[in-house]
Structure formats: structure tokens, C-alpha cells
Amino acid sequence: MPVQKTEKIWHNGKFINWDDAKLHVLSHVVSYGSAVFEGIRCYETTQGPAIFRLREHMQRLINSARIYRMELPYSLDDFGSTACELVRHNKLNSCYVKPIVLRGYGEVGVNPLNSPIDCYMACWSWGAYLGPEALTKGVDIGVSSWTRIAPNTLPAMSKAAANYMNSQLIRMEASFNGYAEGIALDSDGHVSEGSGMNVFLAHDGVLYTPPLATSILPGITRDTVVKMAQDFGIEVKETVIPREMLYIVDEVFFVGTAVEITPIRSVDHIQVGKGVAGPITRKLQEEFFALTSGKKADRHNWLTPVNAPVAAAR
């Protein structure tokens, strides 16, 4: 879906016009994918716009940069307050916030250390990632022939731009095969994740999700679902999952900032459960949207009100 242009983008401490956010073609990131980033949703709530799990996202951005030896001139609180200010600047009630840390125009070789670090943050309106009906009717997905990045090749715990070349292959293959998305296996053949989302399975009242060792990103929404499930007394098992388990469980669903909580109705043309969102998926989905909309009390302090920037430093 096309990006909906807004007025301002933050760059290295200053707000610039959207059209002025440009890079030189020989910037290090262009040739070598040397960037880390985040995707964060700001929700329209009954108390005004609020960013969901802002500190956790910004901490993961800092962690991602640290893994790639990117020294950041901004703190966790700096990034948090900037995100709130950016949304206010662009006068949005709900949006997608994307901070990006990249290596810019410097040396042209592989060694990145002498290229400058540039920090950007943009936001724009963005609806349902897999389409307006995905959240209610679910999606059909396929297991990808592309394997997720293997341990000790690219660090999956870093939300790095280079990792998403692998994601692009998974996503394109799914599209050409008529699926809404793909699920990739890890280098040992176990269930890993989608092109940009984590996966959960529900069977006999228990939730299952792959562990970090299966080359998954430690998803913020993944952690949210685990905590909500625990609130409901639903057992959660983080465990290695064989591919065929996808075909025999009661429910499968994606989670992520973009997809939120999206039911999966079939895998490889095999119907999941009754082919609709199951009771656990629905329960978690309803709770998630009740919390993010402010209709239920923010018992975990997951929402940062945009119009009260001091909250970003709590």
C-alpha cells in the first residue's frame, strides 16, 4: 500500500519537510543494507492518540544498533519524546511510526565504521496490513521454500534492514503462489516466523510459539500476546514446533505491529480448525483492541499518550 505523505520527518534532531528527507545514492545503506529500524503503532484512543509500547520498541531499536556497533547520540527517552512530538507535528490521531538508524554517505567499502550514523523518524496513516478483512476473516498462508536466516549468519534479534531481503523472498513467493503471507522454517526445519510477523498456535487450550533460537525477531506484539494470555490463565509454551503441527492444531495466528493479531484460516491449502478465527484468537484479539483503543484500563502501562510527552520518560 502506498505511503501516505505527512508534513514532517525528524532527522538528526531537527524536523524537516517530508520531501527533504533524501539520501545520496552512494550512502553505505544503499549498497550494504546497513540500517536498523522499528515499526510502532499509534492508536486513536478515548483519551487521544497514544503510542503502543513505545519504550519497548525504542529499546529494541537501541539494541539492534548496538549489535551492529552503531553508536547512537540519542537516549531511550530522546527517541520516545521525539516520537510523540512527531505525531503532534503531523496532527495524526492514529498512525505508524518508523524510526530508522542508518549508515550514510562516507566510505564506499564494506567496512561501515567510517560512514556517519543518520537517524530519521517518520509517521503516516496506515490501516490493516493484510487488508481490511484479514482481521475478521483470516488469511490463507503457505510454508515458504525459503529458509529463515541461520544462526551465526545475520543476527535475527536485530531488526536490521538486511534481514528483510530474506523476508522479501518469503513474501514474494507467497504472493506468486496465491497466499496472503508465508511462514518460513528455520535452518533445522522448525517453524520460525512470517516475513515480518511472529506466529502462535493454539491446541487443546494451550498456546505455542517458537523460541528465539529459531531465528525469530523478539516481537513486541508477541510479548504482548504472551502477557495477555497469562492474564487470562492460558498456558503458553515457547517451544520448537515441527512444520506438520501447523496442519493439526485448532488455531494459528500471526502477531506483529503491522498485522496486529490476524487469524490464519489455512496453511498450504489445509484448513486450520473450522477455517475461521478460533476462540483463543478471538479472545486475545478483542482484548488487544480493547486495550489499544483505551476502552479497557491500561493495566500494563503500554500506552504513551502523545499529548503528554512526559509520560515517555516514565
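Trainee: How many helices and strands does the chain have?

Mentor: Helices (H or I, at least four residues) and strands (E, at least two) are DSSP runs, numbered from the N terminus. In this chain there are 8 helices and 17 strands. The model is predicted, so local features need pLDDT of at least 70, and side-chain atom pairs count only at pLDDT 80 or more, while totals for chains, interfaces and linings use all residues. Residues are numbered from 1 along each chain as its sequence is written, and side-chain values use heavy atoms, with hydrogens and water left out.

Trainee: What radius of gyration does the chain have, and what would a compact globule have?

Mentor: The radius of gyration is taken over C-alpha atoms, and the globule rule is 2.2 Å times the number of residues to the power 0.38. For 314 residues the rule gives a value near 20 Å, and the chain, at 19 Å, agrees with a compact globule. The C-alpha trace spans about 50 × 45 × 30 Å along its principal axes.

Trainee: What percentage of the residues in the chain is buried?

Mentor: A residue is buried under 20% relative accessible area, exposed over 50%, and partly exposed in between (1.4 Å probe, protein chains only). Buried residues account for 52% of the 314 residues here. Accessible areas come from the Shrake-Rupley method with a 1.4 Å probe, and for residues only the protein chains shown count as cover. The chain exposes about 14,300 Å², of which carbon and sulfur atoms supply 53%.

Trainee: How many positive and negative side chains does the chain have?

Mentor: Lys and Arg count as positive and Asp and Glu as negative, whereas His and the chain ends are not counted. The place of a charge is taken as NZ of Lys, CZ of Arg, CG of Asp or CD of Glu. The chain has 30 positive and 32 negative side chains, and 4 Å separates the centres of the two sets.

Trainee: How is the length of a helix read, and what does H8 reach from its first C-alpha to its last?

Mentor: The expected span of a helix is 1.5 Å times one less than its number of residues. Helix H8 comprises residues 279–292, 14 residues in total, and reaches 20 Å, close to the 20 Å expected. Its buried residues include Ile 280, Leu 284, Phe 288 and Leu 291. After H8 comes Gly 294, with a positive phi near 80 degrees.

Trainee: What do H6 and H3 reach from first C-alpha to last?

Mentor: H6 (residues 220–231) has 12 residues and reaches 17 Å, close to the 16 Å expected. Among its buried residues are Ile 220, Val 225, Val 226 and Met 228. Gly 233 follows H6, and its phi is positive, near 75 degrees. H3 (residues 76–89) has 14 residues and reaches 20 Å, close to the 20 Å expected. Leu 76, Phe 79, Cys 84 and Leu 86 are among the residues buried in H3. H3 is followed by Lys 91, whose phi is positive, near 55 degrees.

Trainee: Which residues does Leu 291 touch?

Mentor: Contact means heavy atoms within 4.5 Å. Leu 291 lies in helix H8 and is buried, with a relative accessible area of 4%. Not counting residues up to four places away in sequence, Leu 291 touches Met 228, Lys 296, Ala 297, Arg 299, Trp 302 and Leu 303. Met 228 is itself one of the buried residues of H6. Across the chain, residues 24 or more positions apart account for 69% of the contacts with a separation of 6 or more.

Trainee: Where does Leu 102 lie, and with which residues is Leu 102 in contact?

Mentor: Leu 102 belongs to strand E6 (residues 95–103) and is buried at 5% relative accessible area. Leaving aside neighbours within four places in sequence, its contacts include Leu 23, Val 29, Pro 116, Ile 117 and Tyr 120. Leu 102 and Phe 288 are 186 residues apart along the chain, and their C-alpha atoms are separated by 32 Å.

Trainee: Is Asp 268 buried or exposed, and what is its phi?

Mentor: Asp 268 is buried, with a relative accessible area of 18%, and has a positive phi of about 55 degrees although it is not a glycine. Asp 268 sits in the loop between strand E15 (260–267) and strand E16 (270–271). Asn 301, also a residue other than glycine, has a positive phi near 55 degrees. Asn 301 is in the loop between H8 and strand E17 (303–305) and is partly exposed, with a relative accessible area of 49%.
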